[in-house]
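Me: I would like to go through this model feature by feature. Please give the general idea each time, then the case at hand.

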Amino acid sequence: MISGFENYDKEVRNLVKKIMEDRVSAYDRVNTSCSSLIMIGEKLKDDKLLAYGNYYMSEYYYHMANYEKSMEYGRKSLLYGTRADAKDIVARAYNIMGILYRSDENYAYAIENYLKSAEYAKKAGLFYEYAMVTGNIALLFFEIQDYEKSMSYYKESFAYYEYAKQNQFYYFNKATVLQSLAEIHVLQGEYDDAGRIVKELLELISVHEDGYRSVDEVPIYMFASIYDHKIGKDAERDRYIALAVEAMKTEEYVIEIYETSLKFCDMLLEINRYDEFENIMSYYKDCKDEEFQDGMMSVQRILMKYYLKMEKFPEYIGCSEAFLASYDNKIKNHNKDIKNIINLRTNLNDTIVEIDEIKEYSEKMRIKAETDELTGLANRTGYNNYSEMTFEKAYSEKSLYGVALIDVDFFKQYNDRYGHLKGDECLKSIAHVLLGEKNEHVYPARYGGDEFVIVFTGMEQRQIREVVRRIKQKVADLAIVNEDSKVNEYITLSQGAFVKVPNGQNKLWDFMSKADDVLYRVKKYGKNSYRVVDDFKKN
């Protein structure tokens, strides 16, 4: 049971307990309890319950490889966690968002979120959360082959896991960090040091304590066989190969251990153990999971080696073509981007003051990631980040917040008549008008296609109405001819805006949804117009 829920009723306490239990033994059921906790939190308007429910839902979707949903719930948990001053959830939310950004190859955001996670965790004395994020930093250094720094951070991670020994994932996390340390020792030829850690890993397999997730024996057996192969102990190697293949039959986390599995398969190829190779590869080669694309390229790479060695040339050609197609889409500039961001000097011992190089590079990467290439406006990612931040601020300060949705009238017909190049020029011209209105209170973005969105902060309703009116007039002044428009001879806009001071019952999505309703009304009753509403009951 997580401490801090003693004052809640039995239903809430049981739900929290169920979430913690299912995280250990039945992850596919976690979402049910999380949904119930979120419903209670919404009913009670309890930010703490909403923070916990959304975080563990984010964690659930991450393990189900639905990264988009995981990010959605992670953002919510961060907002509610901040309101509730739930530092453990805030630290965990930043950490999982860092993991998700890294999986999307957005390394600037990954670093930024890891640093924020570490700052919250260390300030609050959250040893387990600090151990997690330090381990993630270590992994990034490992990937760029800076083994000295990677080992340093892994050791720090291990030390903090020891402080947090009573955490239910203690043995699992301990094994993960130990295996990473052993692998670095092997790569550096430090076999005696690696051997001591392998012995400790094997001893962990026999650890079973009620309420604790035991270690995953498959990657340990695999790594033990790789280690014994390196030092020439063939009999021991073969014994661990057999144990790994047998244990794989009941492995629940096949995708999570694929990197160790492929290193294991590489060794099997080297020693001509083809039956075992095919056995292990059968778990991966036909995987259709979209989120496993990067892993699938590694699978294809080792399969190509196998097909070439076995002189199965048609299979080799087919696998090569699949690999190259994946490579073109996913790997381009991958290593370059990792090294550019990770090689910046990072100091986790002083995370409050971020190093200038990281801040500068992160800002450049953030701007690039949040900018629409065609129009120069913020893109949907930029809008999402900005709107969530400013909505939370408006809620805290009880200040007016506004959202306007904008459609270009009869734009499809314009595109069909004049072509996409002219369509792009039209959108750029409208974007130029919007950029002319941009300031600290007005944030325009391209929402997608011919849709734009504006966030208004720190303004009065009459000022927002004036900006909307001015945009309508400036676009009219462009005099972009549209012969297929049914309301004007030129390109026109329909705009729907909703403005209100957010309260505890409101979500950002409520504002977007209402602005969309208002826009719908404008379009329904003739287009080429605008409307600003300040009441959820009005249209």
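Me: At what angle do helix H20 and helix H21 pack, and how far apart are their axes?

Reply: Two packed helices are described by the angle between their axes and the distance between the axes. This is a predicted model, in which local features need pLDDT of at least 70, side-chain atom pairs count only at pLDDT 80 or more, and totals for chains, interfaces and linings use all residues. Residues are numbered from 1 along each chain as its sequence is written, and side-chain values use heavy atoms, with hydrogens and water left out. Helix H20 (residues 411-418) packs against helix H21 (residues 420-437) at about 135°, and the axes are 7 Å apart. Axes are lines fitted to C-alpha atoms, for helices over the stretch in contact, and angles run from 0 to 180 degrees between N-to-C directions. Helices (H or I, at least four residues) and strands (E, at least two) are DSSP runs, numbered from the N terminus. H20 is therefore oblique to H21; angles under 35 degrees count as roughly parallel, over 145 as roughly antiparallel, 65 to 115 as roughly perpendicular and the rest as oblique.

Me: Which residues of H20 and H21 meet?

Reply: Phe411, Tyr414, Asn415 and Tyr418 of H20 meet His420, Lys422, Gly423, Cys426 and Leu427 of H21, where contact means heavy atoms within 4.5 Å.

Me: How do the axes of H10 and H11 cross?

Reply: The axes of helix H10 (residues 191-204) and H11 cross at roughly 150° and come within 10 Å. H10 is therefore roughly antiparallel to H11. The residues in contact include Tyr191 and Leu202 in H10 and Ile220 and Lys230 in H11. By class, this contact of H10 with H11 has 10 nonpolar, 1 polar and 1 charged. Here Ala, Val, Leu, Ile, Met, Phe, Trp, Tyr, Cys and Pro count as nonpolar, Asp, Glu, Lys and Arg as charged, and the others, Gly among them, as polar.

Me: At what angle do H11 and H13 pack?

Reply: Helix H11 (residues 217-230) and helix H13 (residues 258-270) pack at about 40°, with axes 9 Å apart. H11 and H13 are therefore oblique to each other. Among the residues in contact are Met222 and Phe223 of H11 and Phe264 and Met267 of H13. The contact of H11 with H13 has 6 nonpolar, 4 polar and 2 charged residues.

Me: In what order do the strands of the open sheet lie?

Reply: Strands of a sheet pair through backbone hydrogen bonds, either parallel or antiparallel. Here 5 strands form an open sheet in the order E2-E3-E1-E4-E5, with mixed pairing; two strands pair if DSSP finds at least two bridges between them. Strand E2 (442-448) and strand E5 (530-533) are the edges, each pairing on one side only. The twist from one strand to the next averages 15°. Strand E1 (residues 401-408) and strand E4 (residues 493-500) run antiparallel and are joined by 8 bridges. Val403 has Phe498 in E4 as its bridge partner. Helix H22 (residues 461-478) packs on the sheet, touching strand E3 (451-457), E4 and E5.

Me: What pLDDT does the protein chain average?

Reply: The chain averages a pLDDT of 85, and 87% of the residues score at least 70; pLDDT is the predictor's confidence in each residue, from 0 to 100. Over residues 333-356 the pLDDT is below 50. Where pLDDT is low, the predicted coordinates should not be read in detail.
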